[in-house]
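I opened the notebook to look up charged side chains. The entries follow in the order I made them.

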Amino acid sequence: MIEFGHMKLFRTISMALAAFGICCQLSAQEPDGTAMTLEEAVGTARMQSVAALQARRAFISTYWAWRSYRASRLPSLTLYGGLLNYNHSLTLLQSYEDGSLRYASASNLQNSLGLRISQNLPFTGGTVSLYSDLSRIDQFGAGAGLTWYSQPVTISYAQPLFAYNRFKWEKKIEPKAYERGKRTYLESMEQVTLDVVDAYFNLLQAEKALEVARTGCENTVKMCAVAKERLTLGSVTRDEYLQLELRMLGDSIRVSEGQVEVRKARMALNSVMGLDETTEVRPLLEDILPAVDVDYDMAISKAMDNSTFPLDNEISILSAESAVEQAKADRGITMSFNARFGLSRNAPDFLSAYRNPLDQEVAGLSFSVPIFDWGLGKGKVQKAKANEEVVRAQVLQKENDFRRTLFTAVGQFSTLRGQCAVSRRSMEIAAERYALVLDKFRSGRASVTDLTNAQNDNEAAAAKYISDVSAFWRGYYTLRKYTLYDFIGRKDLEINVEEMVEP
């Protein structure tokens, strides 16, 4: 019996030493890493993360679409022509006298060159052009000769009547689409910040959990040795001792699992920040939180002024109205007015082609009137109108939902700073209580259950504090994303377009 008792004592001591060794070993393996505040982590992610790069590229695409739209409103200068167009073939000709057909041999070389300047007119939907061109035909064979044909100056105008004017609607929509692109970029960067906040505090939570688990493991090992001595004195029951021994083994497992969780959380943070997996980032828990007062009225005003939400609604309504007008235009009379006025001359030599040119005037009106289309046009108009009504109803619902969401976000955020102060004090109290219970257990004035409860409360309080700080920053940056307003710096978020698009 004495030998068996010695074996049990040896086994208990061995288990305690093994558990203590695991704690020490994991502590030694934990790298120091590079300390980084939340602000530094956010700055790094905004500069080099994949999500930030995608947001920048998306904006650059929107920027050049805007530049293309603006260019379409400016005059365009075009050089056109055809060079060395040689033709040697049989051409079918019809006699004007009797209508007979015959093939004649054609052999010529044609060259032409011209310069045209065109301008779209957004208020009418028409296009005005001014051009000058010159053609030369070299005729070979029996009727060999040279002919020059010049149009020194010609002005033309094409105007659709009763038609859909896309220039008018583009003028309404495109500036808003460009502004939406800028705001979308800012919101995307705020989403990058939110992703960093989540990953940053997940790592902080994992590291804190590992630290608490390691400390608890070391303390449990020590208390297990104390309990072994008290077991021989009868002040600790066998059941309590086994409970403490089981806690010791569980703590060693939690330390091992915590090490894995820290590694996973660090790799997730590196991924969000655009760093390679070898970088060891050590997050810092900042105890001082900024005093941020957010008023709902100001928040909704900033959201309506700065965010993409109102622009999305305006563009949706304008697009629906545009579709209705296009359906109406396609259903009714289609007319087009075309006119051309200028000078022209043909001559056997170059200089003569520009002497005493003759004026030319060409004008005409073309039209198309649908008489019966089996209700096709009416159906398209009614469909477009129904879609417009749906869009307007959806916009109204979205605005109500947005206001409710923002109201909830402001209300929740307003309590978070005070909640962080409470949870911090709770963490301090739990840590102090755990230390007192440890001392009481050593002196035999506390039970194993008291020790276990104090340790559990200490771990829960530490986790709760980090969770509340994380909720504070997530709530703050969520409001920034909704409003595109810096509540700490008290200024609207802005984008430096020139800096982003420069090569």
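**Charges, looked up**

I found that helix 7 (308–331) and helix 8 (376–414) each supply at least two residues of the positive patch. Helices here are DSSP runs of H or I with at least four residues, and strands are runs of E with at least two, numbered from the N terminus. The model is predicted: local features need pLDDT of at least 70, side-chain atom pairs count only at pLDDT 80 or more, and totals for chains, interfaces and linings use all residues. Residues are numbered from 1 along each chain as its sequence is written, and side-chain values use heavy atoms, with hydrogens and water left out.

I listed the patch members on the surface: Lys328, Arg331, Lys378 and Lys385. A patch takes residues with over 30% relative accessible area and no salt bridge, like charges being joined within 9 Å. Lysine 378 lies in helix 8 and is partly exposed at 48% relative accessible area (buried is under 20%, exposed over 50%, partly exposed in between, with a 1.4 Å probe and protein chains only).

I then searched the whole structure for salt bridges and noted 27. A salt bridge is a side-chain nitrogen of Lys or Arg within 4 Å of a carboxyl oxygen of Asp or Glu.

I looked up lysine 302, which bridges to aspartate 492 with the closest N and O atoms 3.3 Å apart. This pair links distant parts of the chain, 190 residues apart: lysine 302 is in helix 6 (residues 296–306) and aspartate 492 in strand 10 (residues 491–492).

I also checked arginine 480 and aspartate 486, whose side chains meet at 3.7 Å, N to O, in a salt bridge. Arginine 480 is buried at 10% relative accessibility, and aspartate 486 is buried at 12%.

Key:
Patches are made of residues with over 30% relative accessible area and no salt bridge: like charges are joined within 9 Å, nonpolar side chains (Val, Leu, Ile, Met, Phe, Trp, Tyr) within 5 Å. Accessible areas come from the Shrake-Rupley method with a 1.4 Å probe; for residues, only the protein chains shown count as cover. Lys and Arg count as positive and Asp and Glu as negative; His and the chain ends are not counted. The place of a charge is taken as NZ of Lys, CZ of Arg, CG of Asp or CD of Glu.
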